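Below is a short briefing on one protein model. Topics are grouped under plain headings.

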Amino acid sequence: MASSLSGMLQVLLVVAAALSAAPCVLSDPPPLQDFCVADLKAATAVDGFPCKPASTVVDDDFFSAAMVSAPSTDNPFGVNSTRATVSAFPGLNTLGLSITRTDLAPGGINPPHSHPRASELVLVLKGEVMVGFTSATNRLYSKVVKQNELYVVPRGLQHYQLNVGTGDAVFMAMFDAQSPGLVVPTLGLFATKPAMPMEVLTKTFLLGEDEVDVIKSKFVGF
């Protein structure tokens, strides 16, 4: 009996150690050197990007002006996002962070979406933005965020940003991953290639095929 209890205790200790280490593997791993500027042209595929030779790294590898200019919001959603992720800003490689500027026209919306690899910290620079996310229990959390205020969205949860002010709105979204990923459920259902089976859509949304076709027509070209 004592031997059995000892074995069980050892198993519990191993499980506890694994669980305590879990948060460390949920985000980008820590870098192993001062920097690893992404070699975006490398032929070798890895989980991320290989490093450029240190001898070829220059000052501008650590600089980006992507956030300077306001992009056009002339589209059906009234939104435009400028992303400074590792694919556009090679100096971010292995550093575990990235940032996006999002501009919203009056009434514009950044439709519900999620980032499977990152939590998101929203900083409103201009206007009033309603930020909301839903939990795994379908509880909606939301808040109207004003200039210089912050709102955090936990990793992987569906969320949106809606301009509820009278003018344009701008916010920065900071992520704890060099490549947060982006999943937009409407596009993932109604604009896939090849197309999602009609039976899946009609049974999921309790709609007829004609109704589904109308919805799909809204997302042609996205």
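How many aromatic pairs does a search of the whole structure find? The search finds five aromatic pairs, where rings of Phe, Tyr and Trp (its six-membered ring) pair if their centres lie within 6.5 Å, and planes under 30 degrees apart count as stacked, over 60 as edge-to-face and the rest as tilted.

The model is predicted: local features need pLDDT of at least 70, side-chain atom pairs count only at pLDDT 80 or more, and totals for chains, interfaces and linings use all residues. Residues are numbered from 1 along each chain as its sequence is written, and side-chain values use heavy atoms, with hydrogens and water left out.

**Aromatic pairs**

- The ring centres of Phe35 and Phe62 are 5.3 Å apart and the planes are at 80°, so this pair is edge-to-face.
- Both Phe35 and Phe62 lie in the loop between α1 (2–26) and β1 (79–84), so the pair ties together parts that are 27 residues apart in sequence.
- Phe35 is partly exposed at a relative accessible area of 33%, and Phe62 is partly exposed at 41%; buried means under 20% relative accessible area, exposed over 50%, and partly exposed in between (1.4 Å probe, protein chains only).
- Phe133 and Tyr141 have ring centres 5.2 Å apart and planes at 25°, so the pair is stacked.
- Within that pair, Phe133 counts as buried at 11% relative accessibility, whereas Tyr141 counts as partly exposed at 35%.
- Arg139 lies over the face of Tyr141, at 4.2 Å from the ring centre; a charge sits over a ring if NZ of Lys or CZ of Arg is within 6 Å of the ring centre and within 35 degrees of the ring normal.

**Overall make-up**

- The protein has four helices and nine strands; helices (H or I, at least four residues) and strands (E, at least two) are DSSP runs, numbered from the N terminus.
- From the N terminus on, the order of elements is α-β-β-β-β-β-β-β-β-β-α-α-α.
- Of the 222 residues of the protein, 28% count as buried.
- Among contacts with a separation of 6 or more, 68% are accounted for by residues 24 or more positions apart; contact means heavy atoms within 4.5 Å.

**The four-stranded sheet**

- Four strands form an open sheet in the order β3-β8-β5-β6, with antiparallel pairing; two strands pair if DSSP finds at least two bridges between them.
- The edges are β3 (109–113) and β6 (140–146), each with a single partner strand, so one side of each is left without a neighbour in the sheet.
- From one strand to the next, the twist averages 15°; axes are lines fitted to C-alpha atoms, for helices over the stretch in contact, and angles run from 0 to 180 degrees between N-to-C directions.
- β3 and β8 run antiparallel and are joined by three bridges.
- His113 has His159 as its bridge partner in β8.

**Gln161 in β8**

- Gln161 is placed in strand β8 (residues 159–163).
- With a relative accessible area of 0%, Gln161 is buried.
- Leaving out residues up to four places away in sequence, Gln161 touches residues including Leu104, Ile109, His113, Glu120, Val131 and Phe171.

- Strand β2 (residues 98–104) is mostly covered, with six of its seven residues buried.
- Six bridges pair β1 and β2 in the antiparallel sense.
- Ala84 has Ile99 as its bridge partner in β2.
- β2 also runs antiparallel to strand β9 (residues 169–175), joined by seven bridges.
- The bridge partner of Asp103 in β9 is Val170.

**Asp61 in the loop**

- Asp61 sits in the loop between α1 and β1.
- Asp61 is buried, at a relative accessible area of 11%.
- The Asp61 side chain reaches the backbone nitrogen of Val58 at 2.9 Å.
- Apart from residues up to four places away in sequence, Asp61 touches Val37, Lys52, Thr56, Phe89, Pro90 and Gly91.

Methods. A polar contact is a pair of N or O atoms within 3.5 Å; within protein, one must be able to donate a hydrogen and the other to accept it, and residues adjacent in sequence count only if both atoms are side-chain atoms.
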